[in-house]
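Please keep the sequence and the structure at hand while reading.

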Amino acid sequence: MTAQAANRATIHAELGGSKTFGGGPPPLVVLLVAAAAGILLDRTVYFPLLFWVLLTAGFWLGWLGLWLCRLEGGAGTYLLAATAGVFAIHHHCLWRYFPSDDIGFFASPNSPQACLKAVVIEEPRVRPALPAMPTGYSGDTPSTVVGLQARALRDGASWRSVSGRLLLVVNGELRGLRAGDVVEAYGLLFRGYPPQNPGESDVSAQWRAERQLCVLRVPLPECVQKVGHVDKLSLPLLIARARGYHNRVLERYLDGRSRAVVAALILGIREGIDWQLSSPMVETGLLHFLAISGLHVGLMAGAAVAGAALFFRRWRMIVTSAAAAVVAYMFLADAGPSVLRAGTLVLFGCVAALYGRVPWDFNLLGAAGLTVLAFRPADLFNPGAHLSFLGAAALLWFNRGPLAPRQMSASEWLTVRPGRIAVYTYRIRKVLTEVFLASVWISLITGPYLAWKFHILSIIAPFATVLMWPVILITMVAGLGILLVDAIFPPAAWLLAGICQLAAQACQLIVQIAREIPGAFFWVPGSPEWWILGYYAILGGIASVRLLRQPRFAVGLLGLWILLGIIGSQFLAIKRQFRCTFLSVGHGLLVVIQAPGTPAILYDAGSVRHPVEAGARISRALWALGVRRIGAIVLSHGDRDHYNLVPEIAQRFPVDKVCAPPDLARHLDSAESIPEFKNPGPIDGQSPYKIGRVGFWDFFRSFRWAGFLPATAVAVGHTMADAEGLASSPPEMGVDALRNFLRQAAIPVYPLERGKSLLSADGKLRLVALAPSGSSGGSSSRASSSVHDNANSLVVAVEYDGLRILLTGDLEPPGTGRLLALEPQRVQVLLAPHHGSQSSNPAGLVEWASPAVVVISGSARWFRPDVLIAYARRGAKVFHTRLHGAIRLVWEASCGSCSEDCLRGQRANVHTAVERSPEHRLRVESFAGGRWVTRLVTAAE
């Protein structure tokens with residue numbers, strides 16, 4: 001054995017010793033936990049800054065006194081508490097304190113018009129347009145995002161000095177701006193909205209973490225004018241200019257989607273990634289390749305070491321050059337949480353190598369975490385940072401885990417045939433095997449978190465990673481080569497551009513092929529938060545406690561916890577109360593009806609927003625509501641803002657059937673291509689359509705693979721050329737596209753007309769159709785037009801154990817007159833027709849239905865105060881999804897004599913209290929500030 005091999009064996013023995021496991025937790029990891037606890041406490045519980053300062057100072061004094069008295073145990077406890085206090089103060093200052101003239105304080109949710117003078121601090125990045133959809137969405141134009149530092153805001157004829165960061169979003173492509181330019185922009189200034197549905201991400205919190213409170217939306221690029229330039233460029237502006245210059249170099253040599261891939265891999269600029277690539281990468285679990293991670297920083301460090309070895313002979317100079325290159329790359333890549341984490345690991349490793357020390361690996365991870373929290377404390381709540389550190393911890397654990405590659409013995413080396421080709425073949429095979437086993441290991445560690453946060457379970461990810469890793473390596477090396485030799489020898493840059501283009505295209509091809517493999521990924525409901533915390537607590541115990549690391553204990557403990565999660569998730573998903581939720585979808589409608597023992601029922605599923613974005617957002621809300629299976633989707637009529645989310649929902653949830661008015665059902669009838677699903681004939685009230693019941697196997701049915709369903713920008717039956725003309729196409733094209741989707745998904749369609757109903761298996765839940773009166777019976781042209789006729793909207797009365805809810809779709813005259821001609825229906829809750837428009841006759845509906853609660857589903861465009869006043873004047877409490885977010889109705893057993901004083905202690909905001917019934921009461925909740933808040937409690941009549 002050579003001296004070099006002996007050194008490697010010694011280092012491997014030291015790394016595999018008891019320092020990492022079994023010798024107590026690494027001290028820097030303990031400090032990281034204390035720092036995270038301080039930040040978490042400051043985020044969840046408000047204390048004044050002075051309180052934090054005095055408390056932390058007390059902890060520091062206590063530590064100093066105990067340390068001087070040589071009481072190390074107590075001193076350590078005080079040191080951890082003081083560390084938590086320091087990071088709590090740091091987070092408190094960055095999260096809660098902004099200058100009084102910050103531009104965000106001049107913004108509001110009403111989007112006031114503003115003229116702003118600002119400095120460009122991040123050069124323009126063009127976002128691709130969302131694709132046209134055959135369900136009636138004509139697509140968007142590309143947009144441009146620019147980072148600005150506010151300077152002045154026009155106040156009448158003068159300028160008012162302001163400060164703070166903001167994001168400029170331009171509808172169209174804006175070119176020619178550089179970091180340091182001073183611009184004047186005219187647009188709508190607004191602050192971010194808090195989440196309006198459960199399961200949504202808090203965009204306003206994400207902006208706030210970046211120290212920006214608002215966005216300026218500009219309708220045209222001409223509304224942005226360059227008026228000057230700053231006199232002196234600071235270091236951040238120089239870095240922004242370097243990023244912009246390198247991005248323009250890539251634009252000159254590469255085109256289309258390949259340029260966007262290379263810019264994401266090298267510079268961390270992901271705005272150019274379009275939906276056709278990002279969506280398959282999410283589904284296959286390969287999206288982390290487009291976010292600069294430890295792999296990218298490690299490749300940069302390796303390239304720096306190889307380059308420095310050509311010019312230097314001393315090891316110290318090589319390591320120092322590699323560290324300097326990594327620091328420069330961290331600034332160039334915008335120093336995100338994963339870049340900071342990986343860069344810190346590399347830098348500490350370089351320092352350890354310079355001093356001849358073997359780094360304590362989990363201590364390095366703790367140091368990286370402390371570095372990230374020191375620069376960006378709000379990243380403690382960033383899912384990307386969580387995944388970055390989980391992946392790094394899994395890699396550090398990999399060499400000691402059950403999947404760790406076995407070292408080849410000297411006798412096995414003798415079996416390798418002599419020759420360079422055989423040796424290289426063995427080494428390549430060994431590297432690929434290690435990459436595959438490491439990917440499997442990382443998937444086991446990070447999979448539950450991905451399922452919880454992103455509701456995706458990728459089976460193909462470890463196999464695709466083996467193919468992606470060398471392609472990504474070639475793409476990054478060729479892309480970095482372009483940036484380095486562009487100014488020196490352009491012909492070589494063009495040669496590298498060709499290699500880079502081919503590698504980027506190969507990357508896209510691998511992703512597309514991996515997605516089409518049956519069972520490559522599954523949409524999953526995700527596990528409860530308590531199970532996720534327990535899962536990682538068990539993993540932490542296995543990593544730190546020697547007894548638990550024995551296979552029989554580790555496998556048994558994890559197996560029991562997984563079984564408990566399956567049983568617990570299914571138990572919690574079964575609702576014990578009737579709930580009806582009106583989700584906030586903007587201009588559109590989606591009502592979720594959940595009864596005990598019955599799968600969820602949706603009344604309409606549409607929005608004028610792009611189906612790709614709205615569908616993902618609404619699906620997360622449905623998972624958060626506990627929906628695992630959809631017994632029926634009831635469509636009121638054929639307007640796209642009432643049905644265009646059906647394909648997106650059906651790709652993620654099992655759907656039993658679709659019900660619609662007779663004319664619309666005839667258009668959506670899938671019996672021509674699916675003989676086993678024949679539409680039944682007319683039925684009477686004694687033989688309604690059955691909804692079914694919830695079973696234990698619904699948990700496994702909720703693991704949904706949608707690879708067989710059309711998931712491209714254009715549904716089956718339409719080409720991209722057809723999609724380009726959707727803006728001028730008749731609305732029937734959207735209905736035809738929905739019909740083609742239902743055919744492929746094998747979802748049967750049933751007609752509902754007046755007097756027919758949907759009935760749950762236990763008979764307690766009943767959906768009765770009150771309108772329309774039946775088929776038009778006219779010509780085909782009449783049937784075609786009635787599909788999109790608001791007057792023929794399907795009006796449904798939801799009945800459950802004494803509760804009546806009237807759902808009206810987009811009902812308008814003369815349909816409103818036909819409904820009011822029927823015998824009055826006394827209901828507790830009314831859905832205002834046509835998003836609360838004045839033409840829906842609010843006065844007549846209130847007199848006819850006498851509702852206690854009126855819900856309006858709409859956007860700012862359909863926000864009519866006169867309609868709200870018309871309902872309120874007749875004694876109804878009005879809730880608007882634009883104002884209150886999602887609205888949830890809970891029909892629950894009453895506690896008997898529920899007085900005003902009894903209810904005041906249970907709810908944050910009770911508007912009224914009427915006479916109580918000892919049987920049931922209706923509780924109205926709105927989703928405000930990330931949680932459900934009770935707005936009204938009223939008794940059954």
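P772 sits in the loop that runs between β18 (765-771) and α26 (780-786), where helices (H or I, at least four residues) and strands (E, at least two) are DSSP runs numbered from the N terminus. The peptide bond from A771 to P772 is cis, and its omega is near 5 degrees. A cis peptide bond also joins P813 and P814, with omega of about 5 degrees, and P814 is found in the loop between β20 (803-807) and α27 (815-820).

D604 belongs to strand β12 (residues 600-607), and its phi is near 65 degrees, a positive value in a residue other than glycine.

## Basis of the values

The model is predicted, so local features need pLDDT of at least 70 and side-chain atom pairs count only at pLDDT 80 or more, while totals for chains, interfaces and linings use all residues. Residues are numbered from 1 along each chain as its sequence is written, and side-chain values use heavy atoms, with hydrogens and water left out.

## Helices α3 and α4

Two packed helices are described by the angle between their axes and the distance between the axes. The axes of helix α3 (residues 49-68) and helix α4 (residues 72-96) come within 8 Å and cross at roughly 155 degrees; axes are lines fitted to C-alpha atoms, for helices over the stretch in contact, and angles run from 0 to 180 degrees between N-to-C directions. That angle makes α3 roughly antiparallel to α4, given that angles under 35 degrees count as roughly parallel, over 145 as roughly antiparallel, 65 to 115 as roughly perpendicular and the rest as oblique.

The contact (heavy atoms within 4.5 Å) involves residues of α3 including W52, F59 and W63, and residues of α4 including Y78, L79 and I89. By class, this contact of α3 with α4 has 17 nonpolar, 5 polar and no charged residues, where Ala, Val, Leu, Ile, Met, Phe, Trp, Tyr, Cys and Pro count as nonpolar, Asp, Glu, Lys and Arg as charged, and the others, Gly among them, as polar.

## Helices α7 and α17

The axes of helix α7 (residues 256-266) and helix α17 (residues 490-516) come within 9 Å and cross at roughly 90 degrees. The helices α7 and α17 are therefore roughly perpendicular to each other.

On the α7 side, R257, S258, V261 and V262 meet C500, Q501, A504, Q505 and Q508 of α17. The residues of this contact of α7 with α17 divide into 4 nonpolar, 4 polar and 1 charged.
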